Amino acid sequence: MPPPEKKKVIHSQAREIIAKVIETCDNEAKNKCLTHLVTQATKRAAYYTGVSEFTAKQIRKENLERNRDRPNEVLSTPGKKRPTRPQHTRVDVDDFDRCVIKNTIHDFYIQEKKGPTVSKLLPVIRNKINFPWSGRSLNRLLKMMNYKWKKSQSKRKILVERADIVAWRHTYLRKIEEFRNQGREIVYLDETWVDSNLTFKKCWQHSDEFGIQANHSAGNRLIVLHAGSKYGSLRNAELVYKAGSASGDYHGQMNQVNFEKWVDEKLIPNLPPRSVVVMDNAPYHSVQVDKASNKYAPNRDMIEWLRRKGVEVSEKLHKVDLFSLIEKHRPQEKTFRVDRRLVEFGHNVLRLPPYMCDLSPIELPWKKMKHKVRENNVTGDLSLQRLKELTEMALSSITKEYWEGYCQHTLKVESQYRFRHNTLPAVVDNLISLDSDSGSDSDSDDSSSRSSSDDDDDDGSDSELATPL
């Protein structure tokens, strides 16, 4: 005797549909007539189950296809067979790739004489960097990079970079040129990482010998902090130490205490007189002196900050009034702890604008150093001591001649940025005038009829205009 079939469990959603069918059939029996004609099968099915007629038609179509092609399968749940997404759904693009994206946007203006759109940017960016995400993700990334879509007078959409970022870039290029003309030595500093998993992905090998074996769970990682100029690496300024974790961004392994200690003990004692120190905007580089309280700070913190500024306030004041006083007495410019420390010794500090790491030549020594480590790391499982030896050896191999070449390359990059900075306004004005002369809005996006509150979600898919970046 065959075993009894296992009782099928009817889940809550199916039970609700069955209950709806029973209730509807009871009503028809009570009224002694059908609500819909027998020939109106789809309408009757939608009425009995409580779904829309459109949904009933869709299920009818899927059922016909299922019965024809795969009769033994059950109807699938919508959305279960979506296209394969990238491994990391969160867009993770480092500063180097963001720099490529920014330069690609500039190239649209200068070389192609037209404004970039997401649909036009996406294939170009994918040819230059690894960007497996969609156009929607690129649009979100552009917003994180301080770009916004704004409508012009002709209703076309314009890709705009924040004015303070443009001013920051302009000021940096002007100041570094002034310092060079004064004969000041420009010293660049930065941090990077080296771990035991740093190997070449491909190599030549004999058929009888093992090649490079990648270790995907490297347990040893070093943080490297150094500085240099066209005269070579700054003597006795290197710092190599074990990271607290072998995973994650190396910025998370550095902190304010370690960085400021390195500045006091290794950087300042070895800097030439009246140096100009160039650094990026990592959080531990940018710790403010006596930072003003924000609008969400406790009342006592607001009161303490105001009293340190010599403002006598009552403890009974409302938070809104306290913050108004803070805004009134807030310094015009931020003061950073590291900057103040360097200024005390007669040095100046320049901070790179966001996503312009190509203006720091120290990125090239990092590349050469990692290449040296890869050459000597065949198995991908170096001990911490051996990894440190290779790193220090690689650092010592970067001579003054290399640094001179790297700094010369940076001068060329600066010249390119100056050309773009001076050329972009004329290109944009020309594009705007051409559009104004055409007097046609036929190519504008249908979304131009939306309210201004929706502008930030616009991807500029039909834009041909641009503003200076």
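Trainee: Which residues are linked in a network of salt bridges?

Mentor: E177, R180, E414 and R418 are linked that way. Keep in mind that this is a predicted model.

Trainee: How far apart are the closest N and O atoms of E414 and R180?

Mentor: They are 2.7 Å apart, and the two residues form a salt bridge. E414 sits in helix α14 and R180 in helix α7, so the pair ties together parts that are 234 residues apart in sequence.

Trainee: And is E414 buried or exposed?

Mentor: Buried, with a relative accessible area of 1%. R180 counts as partly exposed, at 28% relative accessibility.

Trainee: How many salt bridges does a search of the whole structure find?

Mentor: It finds 18. One of them joins R420 to D107, with the closest N and O atoms 3.5 Å apart. R420 is in helix α14 and D107 in helix α4, 313 residues apart. Both R420 and D107 are buried.

Trainee: Switching to α4, at what angle do its axis and that of α6 cross?

Mentor: At roughly 95°, and the axes come within 12 Å. That makes α4 roughly perpendicular to α6.

Trainee: Which residues meet there?

Mentor: From α4, R98, I101 and I105 meet L141, L142 and M144 of α6. By class, that contact has five nonpolar residues, one charged and no polar.

Trainee: New topic: which residues are buried in α10?

Mentor: L322, F323 and I326 are buried. Seen down the axis of α10, its buried residues fall within an arc of 95°, so they line one face of the helix. They pack against α9. On the other side of α10, V320 and K328 are exposed.

Technical notes
Residues numbered from 1 in each chain as written. Predicted model: local features only at pLDDT ≥ 70, side-chain atom pairs only at ≥ 80, totals over all residues. Heavy atoms only, no water. Axes fitted to C-alpha atoms, helices over the stretch in contact; angles between N-to-C directions. Helix = DSSP H or I, 4+ residues; strand = E, 2+ residues; numbered from the N terminus. Parallel < 35°, antiparallel > 145°, perpendicular 65-115°, else oblique. Contact = heavy atoms within 4.5 Å. Nonpolar A, V, L, I, M, F, W, Y, C, P; charged D, E, K, R; others polar. Buried < 20%, exposed > 50% of the residue type's maximum accessible area, 1.4 Å probe, protein only. Arc of directions from axis to C-beta. Salt bridge = Lys/Arg side-chain N within 4 Å of Asp/Glu carboxyl O.
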